Amino acid sequence: MMLPSRSKKSVLIFLLPPLLFYGAGVLLPVVQSLVLSFFSWDGISDMEFVGFSNYAQMLSNDSVFWQAFGNSMVYLVICLTLQLGGALLVATLLLQITKGRDLIKTLYLLPAVISTVAIGFLFQRIYSVDPVGLLNRLLDFVGLSGLQQAWLSNPSTILAAVSFPEGWRFSGLYMLIIYAAFMAVPTELEEAAKLDGVNNWQMFSKIRFPYIRPVWITTTIMAVTYALRGFDIPYLLSNSRYGQLVTTYMYRTAFTNTNYGYASAMAVFIVVECLVAVGLIFAFMRRKVDE
C-alpha cells in the first residue's frame, strides 16, 4: 500500500536523524580508514602515500597477521557454538517448563548487561593459578588436579580461555530473541502437528525452526559479525600472540606501534570480512530454503 505524501514526509523526517548519526558514526570512519590504509603515518609526521603496500605486507609478508586471522576463526567457531547452540537449546527447553521460566531467562540474560571490564576481571580470577581460581579448584575437587594449569599463559589453552567468556556473555541475549520467536509460532500449527502424531524432534525441525528461520538468520548475522569484531575481552585477558585476534593486533599496531596506515588496512580487512560472512550466510540460508 502506497503511503500518502504527508506520511512519506513524516517518515523521512523521523528517519533522517538516525541516518545522519549512522553515517557520522559508522560510514564516515570506514571511509576514513579506507583512505588512511593507502598511507604510511605514525600520527605525528606527514602522511606518505604508499598505495597498496600496506595490503601487500598484510596479506603476504606478515605471519603474525595470519596467525591472528586463524585465531579469529577459532574464536568465531567457539563463540557461535556457545551463543547460538546454547541459545537454541535453552530456548527450546524453556518451552517445556512453566515454573521458574522468568527467573531462568533473567539469570541467563544477566551476563549481557554486566560491564565488559567486570567480566574480564571475573574470568581472570576464574582462570587464576596464584591465588587458585575457581576452575583449578573445581578440577582439584573432582580429582583432576593434574589438569590444573595457567589457562591464560598456556599457548594450547589461551585461545579457548579468551573465547569462552564472550560466548557465555551473549548467549542469554540470543536465547531471549530465539525464545520470543518460538512464542510467535501459531498454536494452531503445533496443535495440528500433535494431532498428526509428530514427536518432539519433528515438531522442532518441521514446524518451529522453519517458522523462525528469518529470526535465526538475523541472529546468526549478529553473532557472526560481533564475533569477527570481538575485541574487549580478548584484549583484557591476553597479551600473547597465541590469543591475539585481528582486532587486537590492529589495535596494538595503531596505538602501540603507531603505524596507523597499516592498522587501517587491517580495519578495512575486518569490514570486508564481515560483509563476506553476511553474504555467505544469506547464500547458505537461501540454498537451504530452495532445497
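Visitor: What share of the 291 residues in the protein is buried?

Guide: In this predicted model, buried residues make up 36% of the 291 residues. A residue is counted here when its relative accessible area is under 20%.

Visitor: Why is Thr253 called buried?

Guide: The relative accessibility of Thr253 is 3%. Buried means under 20%, so Thr253 counts as buried. Thr253 is found in helix α12, which covers residues 246-255.

Visitor: Which residues does Thr253 contact, leaving aside its neighbours within four places in sequence?

Guide: With those neighbours left aside, Thr253 is in contact with Thr258, Asn259, Tyr262, Ala263 and Met266. Arg208 is 45 residues away from Thr253 along the chain, and the C-alpha atoms of the two are separated by 46 Å.

Visitor: Why is Thr258 called partly exposed?

Guide: Thr258 has a relative accessible area of 34%. Thr258 belongs to the loop between α12 and α13, the latter being residues 260-290.

Visitor: What makes the phi of Thr258 worth noting?

Guide: Phi of Thr258 is near 50 degrees, which is a positive value in a residue other than glycine. Most residues other than glycine have a negative phi.

Visitor: Why is Thr225 called buried?

Guide: The relative accessible area of Thr225 is 12%. Since the cut-off for buried is under 20%, Thr225 is classed as buried. Thr225 lies in helix α10, residues 213-228. Not counting residues up to four places away in sequence, Thr225 touches Cys274 and Val278.

Visitor: What joins Asp130 and Pro131?

Guide: A cis peptide bond joins Asp130 and Pro131, with omega at about 0 degrees. Most peptide bonds are trans. Pro131 is located in the loop between α5 (116-127) and α6 (134-141).

Visitor: Which residues have the most contacts inside the largest nonpolar core?

Guide: They are Met58, Phe65, Met175, Ile178, Phe182, Ile212 and Trp216, in a core of 58 residues. One of them, Ile178, touches Ala87, Leu88, Ala91, Ile212 and Trp216, when residues up to four places away in sequence are not counted.

Visitor: Where does the UniProt annotation "transmembrane region" apply?

Guide: The unreviewed UniProt entry gives this annotation to residues 73-95, 107-127, 172-189, 210-228 and 260-285. Over residues 73-95 the model is 96% helix and 0% strand, with end C-alpha atoms 33 Å apart. Residues 260-285 are 100% helix and 0% strand, and their end C-alpha atoms lie 38 Å apart.

Visitor: Which residues carry the feature "domain: ABC transmembrane type-1"?

Guide: UniProt, in an unreviewed entry, places that feature at residues 69-281. In the model, this span is 73% helix and 0% strand, and its end C-alpha atoms lie 19 Å apart.

Visitor: How many helices and strands are there in the protein?

Guide: The protein has 13 helices and 2 strands. Its C-alpha atoms fill a box of roughly 75 × 70 × 35 Å along the principal axes.

Visitor: What share of the contacts with a separation of 6 or more comes from residues 24 or more positions apart?

Guide: Such residues account for 66% of those contacts.

How values were computed: Residues are numbered from 1 along each chain as its sequence is written. This is a predicted model: local features need pLDDT of at least 70, side-chain atom pairs count only at pLDDT 80 or more; totals for chains, interfaces and linings use all residues. Side-chain values use heavy atoms; hydrogens and water are left out. UniProt positions are given in the numbering used here, feature names are shortened, and annotations may be inferred rather than shown by experiment. Helices (H or I, at least four residues) and strands (E, at least two) are DSSP runs, numbered from the N terminus. A nonpolar core is a set of buried Ala, Val, Leu, Ile, Met, Phe, Trp, Tyr and Cys residues joined through side-chain atoms within 4.5 Å. Buried means under 20% relative accessible area, exposed over 50%, partly exposed in between (1.4 Å probe, protein chains only). Contact means heavy atoms within 4.5 Å.
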